[in-house]
Amino acid sequence: MPAIRAASKRKPPPEGFSDLEEDLLVFSNKMKDAQNAPTDNIPKHQAQWPVFQISHQRSRYIYELYYEKEAISKQLYDWLLKNGYADALLIAKWKKQGYEKLCCLRCVQTKETNFNSTCICRVPKAQLKEGQDVQCVSCGCRGCASCD
Amino acid sequence: MLKSTYKPSPGLLQPLPPGWTEHKAPTGHTYYYNATTKESTYKRPGAVPVPMDPATSYFQHQAVPQINLSDPVVANAFMAQYTAPPPQQQQHGGQRGGFGGPGGGRGGGFQSRPRPQPVDKPRSKVAIPGHDPWILVYTKYGRRFAYNSAKNASYWRIPEKLMPAILELDQARIRQKAAGTASAEQEDGKATASSGPVPRKEQQQEQEPPQHDYDSSEYEEVEVTDDEGDEEQDGNAPKRRRTEDAADDGPVEFTEADIAAQLAAMGADYGDEYDGYDEEMDEGDEGLPLSDSDARELFKDLLNDFNINPYSPWDKLIEEGKVIDDARYTVLSTTKARKEVWEEWSCAKIQELKEKRATEEKKDPKIPYMAFLQEKATPKLYWPEFKRKYKKEEPMRDTKLSDKDREKWYREHINRLKIPQATLKADLKKLLESVPLSALNNQTMTSHLPPQILGDIRYISLDPQIRDPFVEAYIQGLGSPPAADERAQEEENEAAKTARNERRKREKALEERERAVAEGKRRQEKKLQFERHRLRDEERELERAMHVSKKGLQSQLAATVVDKPAAEVSAEKNREAIR
Ligand SMILES: [Zn+2]
Ligand SMILES: [Zn+2]
């Protein structure tokens, strides 16, 4: 018979989690809302934008707490990544020069796009025509080049 | 025409379609509501960006100045707003409809107005040298905007390329002013106006109705007077406008009515667009002592006072909006600056919390466990029984202690209970003696004993009813805390005192600043009232003149076009005649 671990026996989150608990709950609720929101009268490609946005914001939140503010321990940071509170691959990109503000991983994957190049949102504002308003189809990003 | 720089949604979000507004449910969720269709949804309604609904932009125009007062430029625009016409005035003559379209309000003018209103209006214009179709327009209330006469478009935010030329214009004007040349007409652009021989000041005095409570010396202070001709120009404005309207069958050139229409259209959203600085209007803010570091500290005070969680993301602070209505929110003028200070604050705050916890941890977690042992441990129970019986109690579950330690202390405590009381007392005395005077002295309260005592097994061996009087007696026999400790404490108090004083200073500076802004506003309102009085009086004046002689009036009006002071004088004469 497989051992069923009682909820009380599950290892508690590392120290410092309680500092973030409330805000993480807000993110989770927003995410649930975004996922459950009706998508009937929204263009198909836009339906997932809010989910991307919230996921981005939450990853950013944890990234800043760990790398910029040094507010949380490595132990807690790893635990958060392991438990899906932040996107480890996206954060890995942010640490690379030129990708500090990257919106999502899809926007740097050349294979998926029609033109075999990265997304329009990766183009620096300076290289766009003046007043040109861009918004990428994959995540709704309006520009995420590092130099903007 | 005017492109609003307002961005309804930050970052990645698309602007909401017209009619939709964003709201926050009590649960903290954002939802969207359409007032027209009465629809509401959690899903952000997406749509192709549509030109801003005038009603919405009016809303923004109302809302924006309240949150930006720290910027003198915006504060000025805010004050100027109080001189702007009430909303229904703006809609008058269909000018609102022209908003957003080319040549908006052309000819809408003032013809259909029942009576002149104290609306901000163009006072003068000047071609911007080297930028041909561009004209710089000054308004009566000291604002100014750039007008492209070729495109019939106006901008409160002066386009960058025009800046150097305008700067030169300003410098030239300041030089002229300094040289004391009465350069009104030159700069004023209304070349048709010629100053009559009548001393202007005197005339102004005559026009001033004696019955109103207006304090004229105060008026002088606020009135925008970069040239001497102002007051006279203003005084004549309504009459001149009437005559112009009468003769105006379709001017081909850029006229005052054109600019006025531009101004009216711009009035709808200048809260966002206004950026044209104006030295005269800046006066109210000059010499207000709010340094950059003061502003930063005030903003941090705000974050502290609202108990903002330093771990929370910036977006949350903004979404919640708790701090936005506080005056200290606007001491920093840009979101960027605010975010920067917030970052600095949250980093420092988190470090502070970490340190505090580190010291607290030294006390914990042994203390509650020892207290628990004293209360519950009994020689009747072996450790496994005791453990099972109290497994749900907090001190038994605390992860910072190992079960091995818990067991060790339990056994030790049970064993010590067999020792004679005299020995236990001696042990406790030894423990008390081991604590330095800085931590335990005659000022220590028995309820706040140092952690090194509370966490020691010797402290729990005696029954509290015997132990506590014993400890109290021991403490009373001790000396005062050592001087070194006192000094450290004083230093700490000193630091706290300095911090408190600095904070008071900052808050005072902010108060003064707000008072100055409010004062400016009050003056503007007074001025507005005065304008109303004056216009009403002039109206009456004209009506009376009309009664006297229609023919005479017509000739007067004709004369006004070329020579206003003359008209003024004959109006005076008419008044004499009535009397
Ligand atoms: Zn992007
Ligand atoms: Zn993207």
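Trainee: What makes A:C103 a bridge between the zinc ion (ligand 2) and the zinc ion (ligand 1)?
Mentor: A:C103 coordinates both ions, which sit 3.9 Å apart. Its SG is listed among the donors of ligand 1 and also among those of ligand 2. Keep in mind that this is a predicted model, where local features need pLDDT of at least 70, side-chain atom pairs count only at pLDDT 80 or more, and totals for chains, interfaces and linings use all residues. As for bookkeeping, residues are numbered from 1 along each chain as its sequence is written, chains are lettered from A and ligands numbered from 1 in the order in which they are written, and side-chain values use heavy atoms, leaving out hydrogens and water.

Trainee: How do you know which atoms are protein donors of the zinc ion (ligand 1)?
Mentor: Donors are N, O and S atoms within 2.8 Å of the metal (3.2 Å for Na, K and Ca), and sites may look incomplete because water is not among the atoms. The SG atoms of A:C103, A:C121, A:C141 and A:C144 lie 2.2 to 2.4 Å from ligand 1, so they qualify under the 2.8 Å limit. Along the sequence these residues follow C-x17-C-x19-C-x2-C. A:C121 and A:C144 both lie in the segment after α4 of chain A, so this pair ties together parts 23 residues apart in sequence. Both of them are buried, too.

Trainee: Why is the arrangement around the zinc ion (ligand 1) called what it is?
Mentor: Four donors count as tetrahedral if all angles lie between 85 and 135 degrees; for square planar (four) or octahedral (six), opposite donors must be over 155 degrees apart and all others between 65 and 115, and anything else is irregular. Around ligand 1 the angles are 105 to 116°, so the site is tetrahedral.

Trainee: And what makes the arrangement around the zinc ion (ligand 2)?
Mentor: Its four donor atoms subtend angles of 98 to 130°, so that one is tetrahedral as well. The donors are the SG atoms of A:C103, A:C104, A:C107 and A:C139, at 2.2 to 2.5 Å, with the spacing C-C-x2-C-x31-C. Within this set, A:C107 and A:C139 link parts of the chain 32 residues apart, both in the segment after α4 of chain A.

Trainee: Which residues of helix α3 of chain A are buried?
Mentor: A:L76, A:Y77, A:W79 and A:L80, in a helix spanning residues 74-82. Buried means under 20% relative accessible area, exposed over 50%, and partly exposed in between (1.4 Å probe, protein chains only). Helices are DSSP runs of H or I with at least four residues, strands are runs of E with at least two, and both are numbered from the N terminus.

Trainee: How do you know what the buried residues of α3(A) line?
Mentor: Seen down the axis, they fall within an arc of 165°, so they line one face of the helix; the arc is taken from the directions between the axis and the C-beta atoms. The face turned away carries exposed A:Q75 and A:K82. The cover over the buried residues includes α1, α2 and α4 of chain A.

Trainee: Why is the link between B:K316 and A:E22 called a salt bridge?
Mentor: The term needs a side-chain nitrogen of Lys or Arg within 4 Å of a carboxyl oxygen of Asp or Glu. The closest N and O atoms here are 3.6 Å apart, so the pair passes. Chains B and A have three salt bridges between them.

Methods
Contact = heavy atoms within 4.5 Å.
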